[in-house]
Structures are given as C-alpha cells and as structure tokens.
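Here's a structure to walk through together. Have a look around first, and then we'll take it piece by piece.

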Amino acid sequence: MYQLLSLISTSLLFSSIHAGPQVQAAPAANVATPTSSAMQSQSSAVELSNLGKTGYVCLYRTTFPLPPAWESFDALSKANQQALGSGSSDILKAIQTFNTSPNPSMNAKQFQALLLAMVMQESGGNGNVVMDKQKSHGILQVQVKGEQPATCDPNGCTYDNYLKMLQQGVYGHSGTGSPAAPGIAYWLGSNSTGPALRAYNSGSVVDRFDYQKVNHDSQGRPTSTESYVSDVGNRLAGVTPDKFPDKQWLSHICGFEPVPPEVGS
C-alpha cells in the first residue's frame, strides 16, 4: 500500500483540500512511483517538497503548484529540449514571443513556462498531431472554429507554423461575446492556473472544487482528460517525459480515469 505524502507546509506554494485513494499496484519499469498529496483541511497547505524530483505526484481536487514553485522557463526548456525533437529551437523561440502574461499572478517568463508545459502535455512538440476525432490540431491541440487550424508545411514544421499554432492556442478565435474557441489567455483572465487548465482541456470548469472532474458521454466515457491539471502541474515542476507515467499507470496509482484513445491528452 502506497503511503500518502504528509509534509505540511508553512509556505503557501500549494493548497489542498482532499487526498486521492491509496491504490496498490506493481511498479513500472523506469518510472518513478507516483505519490499522493496528504489530506488536509480547507485552510491548510501541503508542501510537496519532492514534486518534480522523485517522479510524478498525484494532485487532487484543488491542489496545484503556484507560479513561485514552478521551474523556470529556461530550466524546463533544457529539460525538455531532447523530447521536443528537431523542432525544439523553433518551438522555444516561438514561445518566447509571448512577453506579457494574461494573469496578474504570473509574470511573462512564468507564462512561457506554462505554455511549454502545455505543449509537452498536448503534443510533445509534434506539430502534426491530430486527435479528438480529427478536431484537435497542432502543438497545443487547438479545436479551431471560424478559421483554418495552423498546420505544418508539406516539407516539415517551420517557426511560422509553430508560432501560428501557439497564437491559436493562446488567443483563441473571435466570435459573438466570448471567443468562439477560447484560448488559454481567455481562461487565465478570470481564473487561476488550475481551473484555467481544466477549462482549456474540457471547455469549461466542470467543478471548481475538483479540477480533475470532467464530463462524460452517453456511454459513460470521459470526454476530456481527468489527469490534465495534475499532469501539467507535474510538468511545471520539472517532471520530464522519461519520468512520466502512462495513462494506465496514472489510473492504477492516482485513480484518474483513462481517457479514450481518440480523445488524446
């Protein structure tokens, strides 16, 4: 039986009101064992001091690292450069063009770190990825309404391709009232990072007391990724792809329901 992490923080880098289940499972090869955050009262904080250092940590309910606890953009760039592949230089350069933050709780470099973590979560930097029944495109897996999705050139992805993909993912697309396909900047305008990520992945904040909660289709299958907010939080803390558990492992250890393959990240 895996032990719940129980380090109580006097810093307020993390907040938690619920702990996930203890689940027994056999360890996976070359993957550090995820650990759960401890149960605390609503007013308490939990210091996940090993987040990003000992492998994946299951983040439940409203637990999410605040920007001061994130790895820097430069550190995340170095850690993920090899995984990003041949397009790494162009992707990182394109991310750095976003030099203002849409949320007052984070500065521009922290927003760049968030974008990089989202790119790693959504596509791993592969600009040719198309998921969710052919609706999600590019390195931020944007579901485009009202304009063509940014795609790679026939001879390969270019800096301009990546920049357009990022612009679509950040700014969304104009429409009557709120953007027809809101980008992450829209959601960060009125939400902290955790619920903004849930809305980006699911189209809305399904439950403000549980960032992992998602909607389900008529067959009872999740329509978006339960672990999405937890996943991006771990990536921001420096968990690299080689230490990242697969979806089945996350289901066994953290209790996150696996998303259907066609849905994607």
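Is arginine 61 buried, partly exposed or exposed? Arginine 61 turns out to be partly exposed, with a relative accessible area of 24% (buried means under 20% relative accessible area, exposed over 50% and partly exposed in between, using a 1.4 Å probe and protein chains only). You'll find arginine 61 in the loop between β2 (57–58) and α1, and its phi is positive, about 50 degrees, even though it isn't a glycine.

A quick word on what you're looking at: this is a predicted model, where local features need pLDDT of at least 70 and side-chain atom pairs count only at pLDDT 80 or more, while totals for chains, interfaces and linings use all residues. Residues are numbered from 1 along each chain as its sequence is written, and side-chain values use heavy atoms, leaving out hydrogens and water.

Helices (H or I, at least four residues) and strands (E, at least two) are DSSP runs, numbered from the N terminus. A nonpolar core is a set of buried Ala, Val, Leu, Ile, Met, Phe, Trp, Tyr and Cys residues joined through side-chain atoms within 4.5 Å. The largest one here has 45 residues, and Phe111, Leu114, Met118, Ile184, Leu197 and Leu236 touch the most other members. Several helices supply at least two residues each, among them α1 (73–84), α3 (108–122) and α6 (193–202). The top contributor is α3, with nine residues.

Now follow α3 over to α6. The two pack at an angle of about 35 degrees, with axes 13 Å apart (axes are lines fitted to C-alpha atoms, for helices over the stretch in contact, and angles run from 0 to 180 degrees between N-to-C directions). Contact, meaning heavy atoms within 4.5 Å, is made by Leu114, Met118 and Glu122 of α3 and by Thr193, Leu197 and Tyr200 of α6.

Leucine 236 is worth a stop too. Setting aside neighbours within four places in sequence, leucine 236 is in contact with Phe64, Trp70, Glu71, Leu76, Ala113, Leu114 and Ala117. There's also a second, separate core of ten residues, including Val239 and Phe256.

Next, the sheet. Three strands form an open, antiparallel sheet in the order β3-β4-β5 (two strands pair if DSSP finds at least two bridges between them). At the edges sit β3 (130–131) and β5 (142–143), each pairing on one side only. Valine 130 has histidine 137 in β4 as its bridge partner.

Finally, glutamine 141 lies in the loop between β4 and β5. Glutamine 141 isn't a glycine, yet has a positive phi of about 45 degrees, and is buried, with a relative accessible area of 8%.
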